[in-house]
Amino acid sequence: HNNININIADHDLPPGDRIIREGDYGQEMFFINEGSVEVVIKKATELLPKTTVILKRGEHFGEVTIPS
């Protein structure tokens, strides 16, 4: 039998706090319960504009691994 361990923690972050940086190793998934998160995605070159997405309540981001 495979066991799945799930740890859920509530984090209240002030505006402007960086949660993760693009390219960082991640093992966490974040669910937005209140407020919003600004996601900034840099492009491959400085000539291309960065993309900004606003995630709101009920949305999520980060890494998730499904055990085999």
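A contact here means heavy atoms within 4.5 Å.

View 1. Residues are numbered from 1 along each chain as its sequence is written, and side-chain values use heavy atoms, with hydrogens and water left out. Welcome to a chain with four strands and zero helices, in the order β-β-β-β from the N terminus. Both kinds of element are DSSP runs numbered from the N terminus (helices: H or I, at least four residues; strands: E, at least two). Among contacts between residues at least 6 apart in sequence, 42% join residues at least 24 apart.

**View 2. Confidence along the chain.** The predictor's confidence in each residue is its pLDDT, from 0 to 100. Its mean over the chain is 81, and 88% of the residues reach 70 or more. Where pLDDT is low, the predicted coordinates should not be read in detail.

**View 3. The one aromatic pair of the structure.** Phe30 and Phe61 are stacked, with 5.1 Å centre to centre and 15° between the planes. They link distant parts of the chain, since Phe30 sits in strand β1 and Phe61 in strand β4 (residues 60-62), 31 residues apart. Rings of Phe, Tyr and Trp (its six-membered ring) pair if their centres lie within 6.5 Å; planes under 30 degrees apart are stacked, over 60 edge-to-face, and the rest tilted. Phe61 counts as buried because its relative accessibility is 14%; buried means under 20% relative accessible area, exposed over 50%, and partly exposed in between (1.4 Å probe, protein chains only). Of the chain's 68 residues, 6% count as buried.

**View 4. A nonpolar patch at the surface.** Ile4, Ile6 and Ile8 make a nonpolar surface patch of about 400 Å². Ile6 belongs to the segment before β1 (29-31), and its relative accessible area of 64% makes it exposed. Patches take residues with over 30% relative accessible area and no salt bridge, joining like charges within 9 Å and nonpolar side chains (Val, Leu, Ile, Met, Phe, Trp, Tyr) within 5 Å. A salt bridge is a side-chain nitrogen of Lys or Arg within 4 Å of a carboxyl oxygen of Asp or Glu. Accessible areas come from the Shrake-Rupley method with a 1.4 Å probe; for residues, only the protein chains shown count as cover.

**View 5. Pro15 and Val37.** Pro15 also lies in the segment before β1 and, at 84% relative accessibility, counts as exposed. From Pro15 to Val37 is 8.9 Å, C-alpha to C-alpha, across 22 residues of sequence.

Key: Predicted model: local features only at pLDDT ≥ 70, side-chain atom pairs only at ≥ 80, totals over all residues.
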